[in-house]
Amino acid sequence: MRSKFLKQLAAITAGGLLVLGLGASGAQAKTDLLVYTAIEADELAKFKKAFEGDYPDVNIKWVRDSTGIMTSKLMAEKNNPKADIVWGLAATSLMKLSNEGYFQGYAPKGIEKLGKLYYDQKNNPPQWVGQRAWIASVCFNTVEAGKYKLPLPTSWADLTKPVYKGHVIMPNPNSSGTGFLDVSSWMQLMGEDNAWKFMDALHVNISRYTHSGSAPCKLAASGEVPVGISFAYRGAKSKSGGAPIEVIAPSEGVGWDLESFAIVKNTKNLAAARMLADWSVSAKAMKIYNEEYAVVAMPGIAKPVKNFPPGILEKMIQNDFAWAAKNQDRILNKWRDKYDAKSDPKK
Amino acid sequence: MTGTATLAPALSGLAVKEKVSREDWIMRGILLAIALFLTVSILLPLYFLMSKGFQDKDGTFTGLANFTEFFSTPALFYSIQNSLVITLWTSGIVLILAFTFAYGLTRSCMPFKSLFKGIALVPILMPSLLPAISLVYFFGKQGVITSWLFGYEIYGPIGIVMGEIIYVFPHAMTIMLIAMAMSDARLYEASEALGASKLKTFFTVTLPGMRYGLVSAFFVTFTLVITDFGVPKVLGGKYNVLATDVYKQVVGRQDFEMGAVVSMVLLVPAVLAFFADRLVQRKQVAMLSTRAVPYVPKPSRGFDMAMLGFCGLVGFIILAILGMAFFASFVKFWPYDLTLGLKNYQFDLMDGGGWASYFNSIELASWTAVVGTVMIFIGAYLVEKSNGFQAGRSAMQFLCIMPMAVPGLVLGLAYIFFFNHPDNPLGFLYHTMPILVICTVTHFYTVAHLTAVTALKQMDPEFESVSASLKVPFYKTFRRVTVPVCVPAILDISMYLFVNAMTTVSAVVFLYSPDTTLASVAVLNMDDAGDTAPAAAMGMMIVITAAGVRLIHSLLTRSLARRTQAWRKR
Amino acid sequence: MADNGAYLKVENLTKKFGDFTALKNISLEVFEGEFVCFLGPSGCGKTTLLRAIAGLDIQTFGRIEQAGRDISGLPPSERDFGIVFQSYALFPNLTVNRNVAYGLENRKTPKPEIAAKVTELLLLVGMPEQGDKYPAQLSGGQQQRVALARALATSPGLLLLDEPLSALDAKVRARLRHEIKDLQLKLGVTTIMVTHDQEEALTMADRIVVMNEGVIEQVGTPEDIYSRPKSPFVADFVGTMNFLAGTANGKGRVKLDGIELAANGNTDDGGAAPGEAITICIRPEDVVTRGVTRDTDNAVPAVVDNLEFLGSFYRISLHTQGPDRTGFRADFSINLMRDLDISEGRDVVVSFPADLIRIYGEAFIHSDETV
């Protein structure tokens with residue numbers, strides 16, 4: 001009895017070690033395409049299914065994280081890149097990485113149908129190609145607002161009013177792309193000095209900075225913090241899900257960035273990466289983008305999206321990606337020193 | 001062969017050349033293989049981590065530049081201060097609570113003792129993130145009893161301390177319980193005979209007798225809290241501590257060099273506490289060897305009721321924490337729609353890797369339990385029972401104890417440096433399930449090893465000599481005698497490894513890949529993304545699984561005891 | 001080397017544990033079929049020597065030969081011996097049968113043969129019909145018998161017993177002594193037993209090896225060791241001995257507290273010149289008083305200090321009547337005490353028979369009351 005049990009145990013162990021060994025080397029017929037992305041988790045399955053339906057020989061493997069973290073990760077792997085293609089990451093980040101010689105140019109089939117604003121005009125073939133824009137918005141919990149007697153904010157400036165003290169939450173621009181596009185847009189709207197002054201005032205009202213760009217809206221939706229600086233897609237999604245929130249596009253203008261893709265230099269799966277690139281600029285893909293996002297790279301496709309703040313498209317700022325990419329590190333370091341580094345030393 | 005030739009060694013005083021038997025070679029071979037494993041799984045990674053702290057991003061040696069930067073960055077420096085504040089507060093409160101709780105269990109005649117003991121151990125089954133998430137539901141802005149904080153915020157030191165208390169309570173309580181069970185009834189009889197009051201007896205007998213237990217519990221609490229990052233991750237708010245700093249530096253900024261520096265700073269108190277604890281443990285063992293008579297409490301209505309009240313309260317709080325996480329995980333949309341449903345269990349729509357994470361975690365835990373138990377038990381057996389080869393055995397002993405001094409975050413980070421190094425031939429392991437198994441086995445090696453050693457030490461040291469004289473190879477005796485006799489300890493080890501592999505976050509958070517996302521890390525990532533309720537739901541899946549395994553373990557132990565341990569009965 | 005027929009030869013054995021030398025240049029021969037005891041106080045090296053012979057702790061220097069084969073550096077598994085430990089070391093999860101069969105099963109012996117052998121062995125050690133019990137269900141004495149059966153099962157050329165009886169109570173111990181000895185005689189297996197119990201050694205051994213501080217003090221038959229101890233240590237360790245300070249007084253003569261005594265034969269005074277200090281030894285039971293007068297040879301007038309009743313005899317403390325008042329002890333039978341009416345404070349004359357006196361050269365400092 002006992003010795004049989006032990007024999008089985010031994011067999012399991014031996015078998016296990018073998019499987020561990022095999023598993024490590026990996027043996028699959030399909031091409032695994034390692035895709036680094038910052039797209040929201042709840043959309044990933046949809047994209048994977050749609051793409052693999054059209055290209056059954058390719059198997060997408062997602063590595064997802066917030067924009068800032070994905071950018072840092074890519075930067076850290078610079079000498080030994082792991083990703084085949086970066087997909088759905090902020091154009092600002094891709095431009096920064098492009099300057100480091102991270103990517104190889106490729107003009108996907110049908111790129112001529114995209115708006116010129118939406119892909120790399122500096123290089124030919126382009127190093128990065130935009131897919132859709134995500135736009136800053138403020139999520140405002142009406143139930144909690146009633147409790148604390150908070151007026152509905154309509155502008156960025158409103159958020160610095162003392163009435164909102166401790167009631168505002170925003171993403172940390174060092175880790176979140178949404179956080180950075182907010183900071184970047186304020187600078188482009190107000191000029192750098194005024195933007196810092198604005199953020200000093202805002203910092204007083206901020207309850208804390210989150211790691212991800214969607215967390216503030218989720219926390220606003222659940223009433224944890226009434227006002228969350230986030231982005232339109234997350235706000236609309238939460239509102240459609242039944243959260244008691246208003247999604248607001250502040251009157252001064254809203255920042256935005258392009259979810260874009262770029263093929264990593266020296267990828268071993270170039271063919272598969274190009275397939276994803278081609279698919280990503282197709283009308284079919286654009287229609288899927290539009291299910292959740294109001295602005296896509298191919299003109300004439302987009303239909304209005306439910307619960308997006310009215311007039312938000314008009315409020316999108318004239319975004320200077322090149323400026324943002326060039327100044328990103330400087331701005332982020334200064335931001336860290338001002339607001340992150342000095343978090344509550346006296347407590 | 002001539003007479004002079006055979007006599008020569010004796011006359012010239014040449015040392016006898018021992019012939020190493022085939023079996024000894026096998027033993028040494030396996031011992032070396034396990035030592036090699038530990039070298040690769042802890043020694044080399046730590047070396048790479050250490051050296052990284054003295055390098056810049058391009059790998060050039062920069063001496064203490066990184067450390068200078070660290071200590072001149074006020075934010076990071078404040079983290080040390082914050083970490084110490086949190087740790088000392090938590091340790092202080094936990095020691096008092098755990099002491100009183102254990103006192104009630106051992107020194108009173110209150111009812112439901114084993115029930116309370118079981119409840120006190122519940123937090124072991126949770127990832128440390130879960131009590132923290134539960135606290136959000138109690139004391140967050142939308143919490144049910146937020147007002148009880150008198151306007152203070154749960155996000156900050158108060159919340160961290162509360163979460164950590166729940167996280168480390170079972171560990172401190174277990175140590176106290178062991179220390180109290182060891183005390184000598186004769187001292188109490190003597191004290192009573194001398195007419196000392198209860199209070200005086202407490203201060204002259206109870207407390208001094210507990211001093212090693214108290215000190216040991218303090219060090220364990222200290223190490224667990226200062227290296228935990230689950231609780232401060234969820235409840236830290238703007239309050240930074242060392243553990244979250246490592247995470248921020250590495251995951252947030254991908255600044256591995258600075259991460260290495262912070263983790264070395266984190267390593268210092270952990271190692272100090274480790275050595276202090278070892279020292280104290282040794283003294284406690286010396287105390288244990290005296291022939292103590294176990295203390296049997298006498299009923300005392302008032303005291304028993306007071307203890308029942310206290311233990312009941314603590315038990316209630318622990319169950320409430322668990323119950324709140326359980327409840328919140330089913331609530332559709334806290335706090336606006338309190339209808340129940342399974343929406344939060346649709347993990348595939350969230351960050352963290354979906355249901356696959358859960359099954360990956362089970363896979364990891366199973367592998368860790370099987371591979372870890374086999375390796376650790378065999379390793380302990382060889383360290384204890386093999387012949388000669390003193391140097392190898394001492395080295396092995398050191399390697400087996402070492403993992404305990406290394407916090408998980410530090411270990412995980414060290415793995416990145418070592419296994420992701422472009423020149424490392426083992427690089428193929430990076431981002432795979434095996435590396436998670438290796439890391440987890442290593443992370444929890446020491447406690448499992450010590451459990452195995454304790455069980456093996458209780459066996460007659462001459463079994464191996466007898467087998468050798470009967471020409472039975474050691475491995476047959478190992479299989480026919482050692483393993484069957486040690487079945488209870490082996491089951492304990494495998495359960496310990498399984499539960500810890502399910503709940504651990506700290507080391508694996510740096511090592512998972514898209515194919516090997518883990519449930520415990522998913523809790524972290526979902527909470528990070530603001531999906532608090534799904535995070536609680538995944539946390540509950542971990543608790544339920546760990547509890548289930550615990551249940552299976554106790555059933556298995558009982559039935560195995562009946563079948564294979566018949567010989568224990570007289 | 002000339003073969004003198006020794007079964008086991010130990011030559012110049014030295015064992016060091018770090019700086020500590022546990023065995024110092026030990027040489028020893030054991031003959032086929034012999035029962036040899038290693039006797040000595042704890043820490044004398046007897047167990048170390050046994051473990052070296054077994055290969056469990058291999059010596060630092062020196063050579064061991066068993067049945068003509070050099071086994072000096074061999075691991076235990078390549079030597080030919082069976083061993084029984086003080087702790088019995090029975091496998092707790094195996095029945096008595098499986099324990100005894102343990103060595104046989106590994107040799108691919110056919111099952112019926114094993115069963116027959118196990119039954120035979122259990123019968124031999126007086127434990128028939130107990131084969132299905134587990135060790136924990138047996139008494140200490142029974143466990144030791146099983147351990148013995150297990151060690152004998154593979155018919156080893158050498159049986160090693162490491163304090164096999166020490167953990168048992170006195171009665172069981174006495175019974176097992178005889179059983180083991182009888183068994184050994186019956187099987188004729190060469191046996192080495194380690195013990196610190198002189199009585200055990202004296203009753204069981206063909207020859208005793210007395211050891212102290214890593215060296216062999218004396219090798220000899222029990223009779224030899226008891227009656228002709230070669231050193232004060234042996235004299236002291238085995239049996240009880242009076243160590244009395246005296247002086248040499250020419251060949252075969254010594255002086256004790258002014259009285260001249262004849263000492264035949266057993267002199268080991270290193271040729272002490274007359275007047276030099278020597279130690280005079282006499283066992284308490286060798287002191288004679290019945291029919292002794294001041295005119296008897298080696299008569300010593302003494303005073304009784306104290307009587308100690310020890311059951312079958314009295315141990316009497318006395319001192320000489322000269323200026324030294326040298327104290328010594330004598331064992332007197334009960335009827336002698338009755339006949340001579342010996343009581344505290346009385347003067348008696350005793351005699352130290354000349355051929356039972358032993359003389360040692362050095363002034364031996366005697367620790368009162370040995371084990």
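Select B:C439 to begin; in this predicted model the residue is buried, at 0% relative accessibility. Now look for a partner. The closest cysteine sulfur to that of B:C439 belongs to B:C400, and the two are 17 Å apart, too far for a bond. A disulfide needs its two sulfur atoms within 2.5 Å.

Stay in chain B and select B:C109. Is B:C109 buried or partly exposed? With a relative accessible area of 29%, B:C109 is partly exposed, because buried requires under 20%.

Next, move to chain A. How many disulfides does the structure hold over all chains? There is 1, and to see it, select A:C139 and A:C217, whose sulfur atoms lie 2.1 Å from each other. Turn the view to look along the S-S bond: the torsion about it is about -90°, so this disulfide is left-handed.

Now show the secondary structure around the pair. A:C139 sits in strand β5 of chain A, which covers residues 129-141, while A:C217 sits in helix α8, residues 215-221 of that chain. The bond therefore ties together parts that are 78 residues apart in sequence.

A:C139 is buried, with a relative accessible area of 0%. For A:C217 the value is 0%, and this cysteine is buried too.

Terms used: Residues numbered from 1 in each chain as written. Chains lettered and ligands numbered in written order. Predicted model: local features only at pLDDT ≥ 70, side-chain atom pairs only at ≥ 80, totals over all residues. Heavy atoms only, no water. Helix = DSSP H or I, 4+ residues; strand = E, 2+ residues; numbered from the N terminus. Buried < 20%, exposed > 50% of the residue type's maximum accessible area, 1.4 Å probe, protein only.
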